[in-house]
Amino acid sequence: MWLNEDTHRRATQTLLEIQQGHAARATVNMLVRRLVEAESNQRGYALTGDRAYLEPYTAALESIDGLLKQLNTRAPREVLDSDAMLSFRNLLSQKIGEMALTVRMRQEDRPEVVNFVVTSNVGLEQMRAFSLQADALIAQAEAIVATKRAEVFRLLNVSRFGLAAGVLAAFFAFFLYVNQTRALREADSRQKQLLEAERDALESQVRERTARLTELANYLQQAVEDERAHLARELHDELGALLTAAKLNVARVKSKLPKDAVDVTERLQHLTETLNQGIALKRRIIEDLRPSSLSNLGLVASLEILTREFADRSGIEVVTALEPVDLDANSELTIYRLVQEALTNIGKYAKANKVHVNLKNYVYHAEVSVTDDGVGFDPADLPQSSHGLVGMRHRVEASGGRLDVNSQPGRGSRVSGTIPRRSAKQQQELAAAVSAMSADSYKASPAPLTPPDAAR
Ligand SMILES: Nc1ncnc2c1ncn2[C@@H]1O[C@H](COP(=O)(O)OP(=O)(O)OP(=O)(O)O)[C@@H](O)[C@H]1O
Ligand SMILES: [Mg+2]
């Protein structure tokens with residue numbers, strides 16, 4: 001652009017100078033013509049004395065004056081400063097002076113001088129010298145015009161090649177830009193691929209770790225259930241046998257006492273009642289540890305017993321609406337434990353007046369919910385050390401279901417679990433898959449976990 005602008009400026013200047021050259025040539029031509037005109041009129045006046053010649057003579061001189069001024073402003077500097085111009089001006093003023101003298105002589109009526117001027121060769125020679133000088137000036141102006149024209153062509157070429165070079169440079173820059181953009185895009189996509197690979201690796205690591213943790217949680221939950229069952233068995237077999245034997249012994253001692261031993265009889269009666277209370281407490285603890293009612297009486301009856309005992313213990317009214325459901329033993333235990341933990345929480349925190357426990361049977365799933373009208377809580381802000389709701393969620397999700405905890409401070413709470421119903425075949429497949437996963441993980445694990453029974 002700079003080159004183009006510069007050549008344009010110079011070409012404009014050169015064209016102006018060409019114009020000046022032309023103007024100078026035309027002006028010199030005009031001057032010659034006017035001078036010839038003035039001379040012929042001056043001669044006419046000198047020969048005839050007719051004043052009619054004076055007017056065109058004066059007009060031609062005035063015109064010469066104007067043309068000289070024009071030449072000063074319009075001719076190129078080289079022409080104006082040249083020696084040819086100096087001689088041209090000198091010759092012109094000499095000629096004008098000679099003509100003015102002849103006219104004055106004629107006006108002063110001195111014909112001899114006039115005749116001398118007119119008949120002598122002085123005027124003719126002056127005129128010839130003037131014409132030669134004018135030709136020299138014109139040639140000089142033409143030479144300048146030719147030089148300037150060549151300069152214009154040169155500038156046009158410079159502009160042309162400059163433009164071509166500029167366009168080539170622009171193409172080259174564009175090519176570089178496209179190349180660079182492609183390289184950047186490729187680097188970008190390589191980076192993206194690397195990031196994606198890294199993300200995939202991390203995701204699979206997270207999935208693997210989550211699966212291991214889920215497995216571990218399942219195992220721990222199973223271990224807890226096994227331990228509870230073991231404790232229940234021990235309490236039933238050992239403590240139960242001891243308490244029953246003690247009761248029998250008391251009955252035997254009582255039957256062998258004399259009739260008048262009233263005081264001892266009363267004490268033995270008291271001991272029997274205490275033993276009965278102990279047996280009832282043992283039963284309740286065993287039932288809490290492993291709800292035998294679940295396998296003996298079914299889920300609905302077990303929940304009835306659980307809620308009734310809770311109502312008796314806590315003094316909170318419990319309303320139940322329990323439909324018989326068709327679920328596997330594990331899912332029934334999940335529901336039982338959910339209701340158990342929800343009621344424990346209500347007893348501990350809710351300060352509720354009324355609790356609803358519902359169990360509904362749908363085609364593909366069963367839904368259990370425990371609702372209270374207590375103080376409520378924020379499920380998103382649970383204490384770090386609490387495990388009840390987390391364990392509940394884990395149990396429900398391990399059974400393939402979903403747990404929802406809805407509560408707000410001051411607006412009661414509702415815990416509900418949805419457990420899918422599976423066919424016997426699906427249950428078997430799931431159990432097989434879970435045991436296969438556990439077996440694999442035991443093999444992979446550096447310190448294998450020992451099942452509680454084996455540990456015992
Ligand atoms: N029905 C409820 N009414 C009011 N607050 C509740 C209710 N259920 C749970 N919460 C609040 O939610 C918290 C978490 O309950 P969660 O059962 O998970 O733990 P926890 O009962 O505190 O301890 P853990 O069950 O492990 O012995 C409780 O500490 C209690 O503040
Ligand atoms: Mg709890």
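## Close-up views of a predicted model

**View 1. The largest nonpolar core.** Of the 33 residues that make up the largest nonpolar core, those touching the most other members are Leu-303, Ile-335, Val-339, Leu-343, Ile-346 and Val-370. A nonpolar core here is a set of buried Ala, Val, Leu, Ile, Met, Phe, Trp, Tyr and Cys residues joined through side-chain atoms within 4.5 Å. Buried means under 20% relative accessible area, exposed means over 50%, and partly exposed lies in between (1.4 Å probe, protein chains only). Two or more residues of this core come from each of α9 (299-314), β1 (317-322), α10, β2 (354-361), β3 (365-372), α11, β4 (402-407) and β5 (413-420). Helix α10 gives the most to this core, with nine residues. Helices (H or I, at least four residues) and strands (E, at least two) are DSSP runs, numbered from the N terminus. As background, nonpolar side chains tend to be buried together in soluble globular proteins.

A word on how to read these views. This is a predicted model, in which local features need pLDDT of at least 70 and side-chain atom pairs count only at pLDDT 80 or more, while totals for chains, interfaces and linings use all residues. Residues are numbered from 1 along each chain as its sequence is written, chains are lettered from A and ligands numbered from 1 in the order in which they are written, and side-chain values use heavy atoms, with hydrogens and water left out.

**View 2. The shell around ligand 1.** Ligand 1 is surrounded by 16 residues, and the closest are Asn-345, Tyr-349, Ser-386, His-387 and Leu-389. A residue is near the ligand if one of its heavy atoms lies within 4 Å of it. By class, the shell holds seven nonpolar, six polar and three charged residues. For this count, Ala, Val, Leu, Ile, Met, Phe, Trp, Tyr, Cys and Pro are nonpolar, Asp, Glu, Lys and Arg are charged, and the others, Gly among them, are polar.

**View 3. Polar atoms facing ligand 1.** An oxygen atom of ligand 1 lies 2.8 Å from a backbone N or O atom of Leu-389. An oxygen atom of the ligand is also 3.3 Å from a polar backbone atom of Gly-388. Ser-413 takes part through its side chain, with a polar atom 3.3 Å from a nitrogen atom of ligand 1. Taken alone, ligand 1 exposes 600 Å², and the protein buries 81% of that. These areas come from the Shrake-Rupley method with a 1.4 Å probe; for residues, only the protein chains shown count as cover. Two or more residues of the shell come from each of α10 (329-350) and α11 (388-398), and α10 gives the most, with six residues.

**View 4. Ser-413 and Asp-372.** The side chains of Ser-413 and Asp-372 make a polar contact of 2.5 Å. A polar contact is a pair of N or O atoms within 3.5 Å; within protein, one must be able to donate a hydrogen and the other to accept it, and residues adjacent in sequence count only if both atoms are side-chain atoms. Ser-413 belongs to strand β5, and Asp-372 to strand β3. Are these two residues buried or exposed? Ser-413 counts as buried because its relative accessible area is 11%, and Asp-372 counts as buried because its value is 8%. Asp-372 is 35 residues from Ser-407 in sequence, and their C-alpha atoms are 9.7 Å apart in space.

View 5. Lys-351 sits in the loop between α10 and β2. Its phi is near 55 degrees, a positive value in a residue other than glycine. Lys-351 is classed as exposed because its relative accessibility is 71%. Arg-421 is placed in the loop between β5 and α12 (424-444), and a relative accessible area of 26% makes Arg-421 partly exposed. Arg-421 and Leu-327 are 94 residues apart along the chain, yet their C-alpha atoms are separated by 5.9 Å.

View 6. Residues 158-178 are 100% helix and 0% strand, with end C-alpha atoms 30 Å apart. Residues 185-212 are also 100% helix and 0% strand, and their end C-alpha atoms are 40 Å apart. Gly-166 lies in helix α6 (residues 122-255) and is partly exposed, at 37% relative accessibility.
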